[in-house]
Amino acid sequence: MKIQYILNHIYSLPEASLAKLIACISEVSFPRKHLLLKADTIERKIYFIKKGIVRAYAYQNDSEITFWFGKEGETIISMKSYVMNQAGYENIELIEACELYELQIDKLQELYNQDIQIANWGRKFAEKELIKTEERLIARQFSTAAERYTSLLKNHPDLLQRVSLGYISSYLGITQVSLSRIRADVK
């Protein structure tokens with residue numbers, strides 16, 4: 001996926017502003033299982049997924065709880081580091097080998113001060129991330145595991161082909177046995 005598409009999908013930028021932003025972005029690759037962002041660390045970079053899939057997780061009672069999957073076109077960020085310059089709570093692990101676009105947060109902050117269009121892009125980016133987080137929270141609080149699974153199946157069917165059932169069950173907040181029952185009922 002091209003960086004121009006990813007950036008403009010967040011907020012359409014004029015060509016000059018888009019060129020300034022792209023000039024600060026580099027391409028990087030990491031192998032499967034690489035830990036890209038680490039909990040309890042102030043993260044200084046934002047990533048955009050060109051190719052691959054990642055998961056965000058945190059520890060609870062010595063268990064990994066997956067709370068987000070990211071795939072092509074999505075952004076990888078510790079919002080706590082980005083907004084507050086504080087250590088984040090999430091780990092981001094690559095489920096597949098990934099090709100990513102990398103952007104230094106300090107450089108992005110400079111661009112916000114130089115270009116109002118890029119500053120507006122940043123505002124829209126933060127707003128969209130807030131909405132995604134709100135949707136995940138509401139789904140987790142008010143939907144059953146079967147409803148969350150059906151939604152995942154409808155909105156992201158490719159995840160079920162690319163992500164282990166252990167991560168899927170963790171994401172849904174259920175055991176693998178419960179996931180097997182739900183999958184049998186849905187078919």
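Colleague: Buried means under 20% relative accessible area, exposed over 50% and partly exposed in between, with a 1.4 Å probe and protein chains only. How many of the eight residues of β4 are buried?

Modeller: Six of the eight are, so β4 is largely enclosed by the rest of the structure. This is a predicted model, in which local features need pLDDT of at least 70 and side-chain atom pairs count only at pLDDT 80 or more, while totals for chains, interfaces and linings use all residues. Residues are numbered from 1 along each chain as its sequence is written, and side-chain values use heavy atoms, with hydrogens and water left out.

Colleague: What counts as a helix or a strand?

Modeller: Both are DSSP runs numbered from the N terminus: helices are H or I with at least four residues, and strands are E with at least two.

Colleague: Which sheet has the order with β4 in it?

Modeller: An open sheet of four strands, ordered β2-β7-β4-β5, with antiparallel pairing. Two strands pair if DSSP finds at least two bridges between them.

Colleague: Which strands stand at the edges?

Modeller: β2 (35-37) and β5 (63-71). Each has a single partner strand, so one side of each is left without a neighbour in the sheet. On average, neighbouring strands here are turned by 35 degrees against each other, direction ignored.

Colleague: Over how many bridges do β4 and β5 pair?

Modeller: Eight, in the antiparallel sense, with β4 covering residues 53-60. I53 has K71 of β5 as its bridge partner, and A58 has I65 of β5. The hairpin of β4 and β5 has two residues between the strands, and N61 there takes a positive phi near 50 degrees.

Colleague: And β4 with β7, over how many bridges?

Modeller: Four, again antiparallel. In that direction A56 stands opposite I92 of β7.

Colleague: Which helix lies across β4, β5 and β7?

Modeller: α8, running at about 100 degrees to β5; β7 is residues 91-94. Axes are lines fitted to C-alpha atoms, for helices over the stretch in contact, and angles run from 0 to 180 degrees between N-to-C directions.

Colleague: How do α8 and α9 cross?

Modeller: The axes of α8 (residues 165-172) and α9 (residues 176-186) come within 9 Å and cross at roughly 90 degrees. The two helices are therefore roughly perpendicular to each other. For the wording, angles under 35 degrees count as roughly parallel, over 145 as roughly antiparallel, 65 to 115 as roughly perpendicular and the rest as oblique.

Colleague: Which residues make the contact?

Modeller: L165, G166, I168, S169 and L172 on α8, with Q176, L179 and R183 on α9. Contact means heavy atoms within 4.5 Å. By class there are four nonpolar, three polar and one charged residues. Here Ala, Val, Leu, Ile, Met, Phe, Trp, Tyr, Cys and Pro are nonpolar, Asp, Glu, Lys and Arg are charged, and the others, Gly among them, are polar.

Colleague: Changing topic. What is the strand order of the sheet with β1 in it?

Modeller: β1-β8-β3-β6, an open sheet of four strands with antiparallel pairing. Its edge strands are β1 (25-30) and β6 (75-76), each pairing on one side only. β1 and β8 pair over six bridges, and F30 has C98 in β8 as its bridge partner.

Colleague: Which helix packs on this sheet?

Modeller: α1 (residues 3-10) does, touching β1, β3, β6 and β8, with its direction at about 120 degrees to that of β3. Also, α4 (residues 105-114) lies across β3 and β8, at about 55 degrees to β8.

Colleague: Now E102. Is that residue buried or exposed?

Modeller: E102 is at 11% relative accessibility and therefore counts as buried. E102 lies in β8 (residues 98-104). A polar contact of 3.2 Å joins its side chain to that of Y47. A polar contact is a pair of N or O atoms within 3.5 Å; within protein, one must be able to donate a hydrogen and the other to accept it, and residues adjacent in sequence count only if both atoms are side-chain atoms.

Colleague: What else does E102 touch?

Modeller: Leaving out residues up to four places away in sequence, E102 touches C24, I25, S26, V28, K45, I46 and Y47.

Colleague: Last one: where is K38?

Modeller: In the loop between β2 and β3 (45-51). K38 is partly exposed, with a relative accessible area of 43%. Not counting residues up to four places away in sequence, K38 touches E43, E90 and N91.
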